[in-house]
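User: I would like to go through a model with you, one question at a time. Please give the cut-offs as you use each term.

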Amino acid sequence: VRLEAARTLSYAAQYNRVQDALEQTASNGAEPAELRIMAYKALWSSANGNSRVQQFLVDSVWSEKEPAVRRAAIWAMFDSTRNNRTRDLLIDLLWNRKEDEATKIEIIKSLYTGMVDRQTQELVMSVINDPAETKPVKIAALFSLSAVSGSRVQRFLEDVLRDERDPELRGAAVEALSPSLQRMREYFHLSYALTYGGIVNPIEKE
């Protein structure tokens, strides 16, 4: 019941009282991990325009010890990485290459909305070119380039398509060059408006 209450509160996370309740629950190590994960994710809708929530998530990524709960704080940043505060943190984490595979993938997914930033693009391309990186991380990185329409990124993807021998990576490059909007919305757990009104809240699939 409390987990579903946290999920529902994501629709009202613009209110300070709701933010406080979600933050207190998310950061409480005595609470069940599943509840803490949902409480973190429920903050996504307030993270974009609220610097206090952004800072809470940034601090949590540094302090949280439970990997799955920490990834939930990263998940909650996905709509806020147009802003420097959260994007710079995720860039630093990905650049250092010390995170596990699941966390790297979550970082890349949350960087999707910040891919207009040239430094972010360069970092993602370096991940793809890294021979030591795992295939799932490279696939996530290739998909993330679908957010960029510039010729430089397009040439990079065409080079991958020409030179890469792994069929899954080639397939990911093809998808990034001609992305399906619905496929990318689902993969990067994005929110989006419906044509007949309302909004798809990605937390409903969590």
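User: What covers the buried residues of α9?

Analyst: This is a predicted model, in which local features need pLDDT of at least 70 and side-chain atom pairs count only at pLDDT 80 or more, while totals for chains, interfaces and linings use all residues. Residues are numbered from 1 along each chain as its sequence is written, and side-chain values use heavy atoms, with hydrogens and water left out. Helices are DSSP runs of H or I with at least four residues, strands are runs of E with at least two, and both are numbered from the N terminus. Contact here means heavy atoms within 4.5 Å, and the cover of the buried residues of α9 includes α7 (84-96), α10 (135-144) and α11 (151-163).

User: Which residues in α9 are buried?

Analyst: Buried means under 20% relative accessible area, exposed means over 50%, and partly exposed lies in between (1.4 Å probe, protein chains only). Helix α9 spans residues 118-129. Its buried residues are Thr120, Gln121, Leu123, Val124, Met125, Val127 and Ile128.

User: Which residues do ring pairs link into a cluster with Tyr187?

Analyst: Rings of Phe, Tyr and Trp (its six-membered ring) pair if their centres lie within 6.5 Å; planes under 30 degrees apart count as stacked, over 60 as edge-to-face and the rest as tilted. The whole structure holds 6 aromatic pairs. One of them joins Tyr187 and Phe188 edge-to-face, at 4.9 Å centre to centre and 80° between the planes. Ring pairs link Tyr187 into a cluster with Tyr112, Phe143 and Phe188.

User: Is Glu206 buried, exposed or partly exposed, and why?

Analyst: Glu206 lies in the segment after β2 (199-200). Because its relative accessibility is 35%, Glu206 counts as partly exposed.

User: Which side chain makes a polar contact with the side chain of Glu206?

Analyst: Leaving aside neighbours within four places in sequence, Glu206 is in contact with Arg7, Met38, Lys41 and Trp75. A polar contact is a pair of N or O atoms within 3.5 Å; within protein, one must be able to donate a hydrogen and the other to accept it, and residues adjacent in sequence count only if both atoms are side-chain atoms. At 2.5 Å, the side chain in polar contact with that of Glu206 is Lys41.

Methods. The expected span of a helix is 1.5 Å times one less than its number of residues.
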